Amino acid sequence: MKEWFGTLARLVVGGVWLAAGLLKVTDGAGSVRAVRAYDLLPESVVPTVGHALPALEIVVGLALVLGALTRWVAVVSALLQLAFIIGIASAWARGLQIDCGCFGGGGFDADATSKYPWEIARDTGLLLLSLWLVRRPRTRLSLDTFIFRPLTAPPERLDHDDEQAPVHR
Amino acid sequence: MTTSKPPSTAERAAAALREQQRREQRRSLAIVGAVVAVLVIIGGLTWFAISREDTTGAPVAASGTPGNTDGYSVVVGAADAPLTMKFYEDPQCPICQQFEAQVGPEVAAAVDAGKVKVEYHIVSFLDRASTNAYSSRAANALYVVADAAGPDVFKKFHDLLYENQPAENSAGPDDDQLIQWAVQAGADEDAVSQPIKDDVYAQWVTNATDQMSKDGVNGTPGVFIDDKLQPDPGTAVSAVLEAVK
């Protein structure tokens, strides 16, 4: 059951990352402006972050959907979500009215203040799902099953603790 | 002589197991390394593609720089007017259209009276809300008209574009229609038609849009009254109407 829940978590979090990244790849300039609108990072790194973030989102999304190196990728996913929650909360606290730019777009949004709580709730949900995957990275239908599969069946005498065998990381 | 005794079955099995575990560990590491490498390559290529596609800040030649501009703006009104306003507008932006409808006539009267001058910062980021890149084509056309016919004709053309603004996510007016409105506003057809069709100020418009974001304007219409950025379009309407009274 828990392994299937992990699969679901991977698909949900990974799917969101993939969508977020793919919606931004065609508009790097827009992504840069969305990052700049938060007014948190020094201008010298704003274009780099604006261009690199969608690429990182796509890689994290892809790895999670496929279930490749789930634990490490989930750590990155959790850290990114944490950063976004801080960014949105900070924009809210400073009275900025900006679209979060999470799925492309970005910039001024007259309804921003009413959207911030929902955006933070969504990202918190995704953060919790990511943390679940850090804790329980072994899931069904994942590439990790092949990546960390032993060459041969473990010897008979190890069978009793096979369920939590250390090969699954 | 225990040392010379051949290893027992149990010892041999244990040794074989250790060897197998070492092999599996090496194999695991190699596969993990390969997967990491694939992910890094995908990410790196995507990053590279995004950076390359974004031409923001690329230098523009003299031929790509419209005349009758100041910074990334066209200034309408007397240079010695006591009050300066800056309007950052995207031709496809519906709120800009509403803004222009609400303050346009009053602002025009104040400009004519020499009370105010307006810097029109034409930007373009709403091609995503058009099926035929109306936003960037119209922005280019506005700078073409400013270059060829000056600020007053630019202003008339600008007003015509907002009166005829296409709905979001539809096909906007084509280049021939833009040229026709430019001529209607008072521009010379021969002077504007090729530059409008060739999108000659595309890079300039991209750079102008980046400058908007650097100026702290996160959306359009972005309105400054004497260097004071209005927090939202609603406030901007009442503040502009108050300022031009």
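Mentor: In chain A, the highest confidence falls in helix α3 (residues 46-66), with a mean of 97, and the lowest in strand β2 (residues 107-108), with a mean of 79. Confidence here is pLDDT, the predictor's own score for each residue, from 0 to 100; helices (H or I, at least four residues) and strands (E, at least two) are DSSP runs, numbered from the N terminus. This is a predicted model, in which local features need pLDDT of at least 70 and side-chain atom pairs count only at pLDDT 80 or more, while totals for chains, interfaces and linings use all residues. Residues are numbered from 1 along each chain as its sequence is written, and chains are lettered from A in the order in which they are written.

The average pLDDT of chain A is 88, and 88% of the residues score at least 70. Over residues 157-169 of chain A, however, pLDDT stays under 50, and the model has 10 contacts beyond four places in sequence for them. A contact means that two C-beta atoms, placed from the backbone, lie within 7 Å. Where pLDDT is low, the predicted coordinates should not be read in detail.

As for the build, chain A has 6 helices and 2 strands, in the order α-α-α-α-β-β-α-α from the N terminus. Among its contacts between residues at least 6 apart in sequence, 69% join residues at least 24 apart. Of the 169 residues of chain A, 47% count as buried, that is, with 20 or more other C-beta atoms within 10 Å of their own, placed from the backbone.

Definitions and conventions: Buried ≥ 20, exposed ≤ 12 C-beta atoms within 10 Å, placed from the backbone.
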